[in-house]
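Look at the model first. Then work through some terms and the values behind them.

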Amino acid sequence: MFALRHFNSSLLPHWGDGSASVVEAMVTAMEQQQENVTAVQNQTSGVISVVLPMSLGIISNMVALFILVNAYSLQRRRSKATFLLFATSLVITDFFGHVIPGALVLRLYLTGGQSTEDSSDSMCQFLGGSMVFFGLCPLFMGCAMAAERCLGVSKPLLHSSLVTKTRTKVCLSVIWLAALCVALLPCFQLGSYTYQEPKTWCFINVLNDTMGVDVAFVALFSGLGLTSLAVALVCNTLSGLTLVLARIRRQPGSHHSARSHDIEMVVQLIGIMVTSCICWSPLLIFALMSVIHSSSRTVGENLTNYQTLMHIGVRLATWNQILDPWVYILLRRTVLRKIYLIVKCQAGLKDTVMGRWEKSLYPSLDQKEVQQTTPLCLLACFFSDLK
């Protein structure tokens, strides 16, 4: 294209002004056509990159919500009911956190990106606030769930006297309110939202003429997120160590069905924590790095690199709302039991530490029956039981 644009400087004068105008028009048309094709290709790939994860997230959250509501209606143990209430709220939050920002981003892709030069338009403000709100809520909930389980495992009597359904609902309301207050800070000129490259999503201003309030806003957002992950890590570690010690000290033949429920919940919390760390830590860290370098005016030629890091970070954060439901779907005791039985049947494991768990965890299964179960029967049982 560059050669075509400049070749008239040497050849076109010999053709005359009329011929030169025709050739210039043809070159311009070819360039415009190429730009249109590239724009359509970028728009199509962008729409696909939004629609596919959005559809997967909706399906995942709906399946998890159905299982959770069914399990909550059948649950009689108060500690398990509290955990299911937290988990249900987390799935509902993830569902709306996937649909609302996803629909806005999809609209921006369909309209070709930023539709106005004003970065403070209402759509950008709403999209940025939604991303902050629906980003903090799962992190806060994961932290609260880990703290609740740590108390339930280490101090069960204190847990039974303190934790009730009413207080759980109050805790959830406080979490939603706290996340909303942080998301609304730009409305009081405490930070700002702006379009991020490639102008198809909005987030906290971390690269464009950042000021002190922007640094404080990003530090607050990243600090709250990373602190929530750290608290969840500590609580889940304490819960896991408590359960391991209880397992070691347990007398042979003692009943520990309650502990099996605790193990299930702690395993699910660890899965949620690991997923949140992998998906959210990059965005929290990249945002903090970007705003610090931007405020000190040291971004310079690395601006494109920081924009790319932010784009990668938000893509990873989006997958958190897709993977969270599958943590509960796949790490349920029913599913883990079937997987364990299939693996044991195939590998022929006998007289192991896992074997000693079997009778107390699953009293409905006779030992002889388990050993004689065929892989085909186990597979049928695995796929038929989703409760």
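The questions below set values against definitions.

This is a predicted model, in which local features need pLDDT of at least 70 and side-chain atom pairs count only at pLDDT 80 or more, while totals for chains, interfaces and linings use all residues. Residues are numbered from 1 along each chain as its sequence is written, and side-chain values use heavy atoms, with hydrogens and water left out.

Q: Why is Met 211 called exposed?
A: Buried means under 20% relative accessible area, exposed means over 50%, and partly exposed is in between (1.4 Å probe, protein chains only). Met 211 has 53% relative accessibility, so Met 211 counts as exposed. Met 211 sits in the loop between strand 2 (201-204) and helix 8 (212-249). Helices (H or I, at least four residues) and strands (E, at least two) are DSSP runs, numbered from the N terminus.

Q: Which residues make the nonpolar surface patch?
A: The patch is made by Leu 177, Leu 180, Leu 184, Phe 188, Leu 190, Met 211 and Val 213, and covers about 660 Å². Patch residues have over 30% relative accessible area and no salt bridge; nonpolar side chains (Val, Leu, Ile, Met, Phe, Trp, Tyr) are joined within 5 Å, like charges within 9 Å. Accessible areas come from the Shrake-Rupley method with a 1.4 Å probe, and for residues only the protein chains shown count as cover.

Q: Are Arg 149 and Glu 148 buried or exposed?
A: Arg 149 has a relative accessible area of 1%, so Arg 149 is buried. Glu 148 has 7%, so Glu 148 is buried.

Q: How do you know how helix 5 and helix 8 are arranged?
A: Two packed helices are described by the angle between their axes and the distance between the axes. The axes of helix 5 (residues 122-154) and helix 8 come within 8 Å and cross at roughly 25°. That makes the two helices roughly parallel. Angles under 35 degrees count as roughly parallel, over 145 as roughly antiparallel, 65 to 115 as roughly perpendicular and the rest as oblique.

Q: Why is Met 131 called buried?
A: Met 131 has a relative accessible area of 16%, so Met 131 is buried. Met 131 is found in helix 5. Met 131 and His 98 are 33 residues apart in sequence and 9.4 Å apart in space, C-alpha to C-alpha.

Notes: A salt bridge is a side-chain nitrogen of Lys or Arg within 4 Å of a carboxyl oxygen of Asp or Glu. Axes are lines fitted to C-alpha atoms, for helices over the stretch in contact, and angles run from 0 to 180 degrees between N-to-C directions.
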